[in-house]
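Please consider the sequence and the structure shown here together. The paragraphs below them proceed from a single chain to the contacts between chains.

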Amino acid sequence: MQHDFSIPTRGQGLVEFTREVQAWVADSGIQDGLLTLFVRHTSCSLLIQENADPEVQEDLWAFFSRLVPPSSHPSMAYLRHTYEGPDDMPAHIKAAIMPVSLSIPVRRGNLALGTWQGIYLFEHRDAPHQRQVAAHLA
Amino acid sequence: MQHDFSIPTRGQGLVEFTREVQAWVADSGIQDGLLTLFVRHTSCSLLIQENADPEVQEDLWAFFSRLVPPSSHPSMAYLRHTYEGPDDMPAHIKAAIMPVSLSIPVRRGNLALGTWQGIYLFEHRDAPHQRQVAAHLA
Amino acid sequence: MQHDFSIPTRGQGLVEFTREVQAWVADSGIQDGLLTLFVRHTSCSLLIQENADPEVQEDLWAFFSRLVPPSSHPSMAYLRHTYEGPDDMPAHIKAAIMPVSLSIPVRRGNLALGTWQGIYLFEHRDAPHQRQVAAHLA
C-alpha cells in the first residue's frame with residue numbers, strides 16, 4: 001500500500017507530521033507490518049525526534065546551521081555549487097547527514113514509536129516549499 | 001514477524017547486539033527476507049560498525065563527543081533545551097546525525113552483513129539505560 | 001527478490017549507480033513494492049543526492065573531508081585506531097554519519113525517486129575498492 005504525504009514548510013526548520021502518518025496507517029487496516037517513508041528531495045530530511053519540548057527543534061536547527069553555515073560564510077569559501085543560493089549546497093550537505101528514508105514497525109494498527117518520538121520533515125532551504133514524502137506500508 | 005530487543009547500556013558508548021539479532025533471525029525460520037531495526041528513543045542511535053578492533057568504538061565516541069560537546073561547554077551556549085542535563089540536547093543531536101532505523105537483507109537464514117560488520121546501539125546519555133529496539137522481519 | 005551490486009570505486013568520492021538499480025528493478029517485473037539497499041562495508045556509505053550538477057558531489061566530499069580530517073591531522077591526534085592508515089578511522093566515522101541502508105518505494109515498476117535524486121556509493125578510503133551493495137525488493 002502506498003501514499004504520498006505533501007508537507008508544506010515555511011523555510012528552515014522542523015515540521016511534525018506524525019498525526020497524518022498515524023491516521024493513514026490506521027485507515028489502511030494493516031495490523032502488523034512495516035511503514036517506510038522516503039523524502040523525494042535532496043534539500044530536506046526526515047527525522048524521528050522528541051515531540052515534547054519545542055526548544056529541541058529549535059536547538060536542532062541551531063546546531064546544524066552552525067555545523068553547515070551558508071556558502072556565503074568565509075569558512076565555506078571552498079564550496080563551488082553556489083549559484084542556487086547560499087542555502088542550497090548546505091541543504092544538500094544536511095540531506096547527506098540526516099535520513100532520507102525511515103522505517104517504523106507497525107503493531108496492532110499503530111506505529112511502534114516510543115513515548116516521546118514524533119516524525120518530522122526538516123526543511124533545509126530558506127524559502128517555503130511543498131515537500132513530497134512517499135510512504136510504503138506492507 | 002516482530003520482536004523487541006532490550007539492550008542495557010552503561011552510559012555513553014557502543015553496545016554490540018549482533019549475536020542476539022542473528023539468533024532471533026535464525027529462530028524465525030525465515031530464509032530470505034528483510035530485517036528492520038528501529039530504536040524507540042530519541043537519545044541513542046543504531047550503528048553498523050567494524051567489530052574487529054574495540055578502539056574503533058572508542059574513537060567513534062571520541063569524535064562525536066567533540067562534534068557535539070555537552071551543553072555546558074562554552075561553544076554550546078546557544079542551546080536552550082538544557083534542563084534535562086548537559087548530555088541531553090547533545091544526545092538528541094547525535095540521534096539526528098546517526099540512524100534510528102536500519103534494514104539488513106536476510107539470505108538463507110543469515111543476515112547479509114559484511115565480514116567486519118556488527119550491529120550496535122550507541123548510547124548518548126551519561127546514565128545507564130535499558131533501550132528498546134523494535135525488530136521487523138518479513 | 002535479492003541481488004548484489006558490485007560497485008568499483010577510484011578512491012574517495014561519489015559513484016552513481018542509479019541506472020543499474022533501475023534496470024534490476026525493471027527486470028524484476030515487480031510493479032509496486034519497496035527496494036532496500038544495504039552496503040556490506042564499514043568504510044563507505046550510500047547516499048541519495050542531486051544528480052544534476054557534478055559540483056554537488058565534489059562539494060559533499062570537500063565538506064566531509066574537512067569535518068573528519070585524516071587521522072594524521074593534528075586536530076585528530078586523539079584517534080587510536082590508526083594502523084590501517086590515516087584514511088581508515090575517518091572512513092568509519094563518515095560511515096556512522098551517512099547511511100548504510102536506504103529504502104525507496106517502487107511504483108509501476110519504477111523507483112519513486114524525485115526528479116533530481118540519484119543513488120550513490122560514497123567511497124571514504126583513498127584506495128580504489130570493489131564495493132558490495134545487497135539489494136532486497138518485495
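This is a predicted model: local features need pLDDT of at least 70, side-chain atom pairs count only at pLDDT 80 or more; totals for chains, interfaces and linings use all residues.

Residues are numbered from 1 along each chain as its sequence is written, and chains are lettered from A and ligands numbered from 1 in the order in which they are written.

Chain A contains three helices and eight strands, where helices (H or I, at least four residues) and strands (E, at least two) are DSSP runs numbered from the N terminus. Read from the N terminus, the order of these elements is β-β-α-β-β-α-α-β-β-β-β. The C-alpha trace of chain A spans about 50 × 30 × 20 Å along its principal axes. Chain A has 138 residues, of which 64% count as buried; buried means under 20% relative accessible area, exposed over 50%, and partly exposed in between (1.4 Å probe, protein chains only). Among contacts (heavy atoms within 4.5 Å) in chain A between residues at least 6 apart in sequence, 80% join residues at least 24 apart.

The relation between copies comes next. Two copies of a chain are related by a rotation about an axis and a shift along it.

How many residues of chain C are in contact with chain A? Chain C contributes 31 residues, which are in contact with 30 residues of chain A. The size of an interface is often given as the accessible area lost when the parts come together. Between chain C and chain A the buried area (the accessible area, 1.4 Å probe, that two parts lose on being put together, summed over both) is about 2500 Å², and carbon and sulfur atoms give 57% of it. On the side of chain C, Asp59(C), Phe63(C) and Arg107(C) lose the most area to chain A, together 24% of what that side buries. The interface of chain C and chain A has 17 residue pairs in polar contact, both residues at pLDDT 80 or more. A polar contact is a pair of N or O atoms within 3.5 Å; within protein, one must be able to donate a hydrogen and the other to accept it, and residues adjacent in sequence count only if both atoms are side-chain atoms. Helix 2 of chain C gives the most to this side, with 10 residues.

Toward chain B, chain C supplies 30 residues to the contact and chain B supplies 31. Here Phe38(C), Tyr78(C) and Arg80(C) provide 23% of the area that chain C buries, more than any other three residues. On the side of chain C that touches chain B, helix 3 of chain C gives the most, with six residues.

Side chains of opposite charge can pair when their charged atoms come close. The structure holds 18 salt bridges over all chains, a salt bridge being a side-chain nitrogen of Lys or Arg within 4 Å of a carboxyl oxygen of Asp or Glu. One of them pairs Arg107(C) with Asp4(A), the closest N and O atoms being 3.1 Å apart. This pair joins two chains, because Arg107(C) lies in strand 5 (residues 101–107) of chain C and Asp4(A) in strand 1 (residues 2–8) of chain A. Asp4(A) is partly exposed, with a relative accessible area of 32%. Within chain A, Asp88(A) forms a salt bridge with Arg125(A), with 2.9 Å between the closest N and O atoms. Asp88(A) belongs to helix 3 and Arg125(A) to the loop between strand 7 (117–123) and strand 8 (130–137), 37 residues apart. Both Asp88(A) and Arg125(A) are buried.

Note on methods
Side-chain values use heavy atoms; hydrogens and water are left out.
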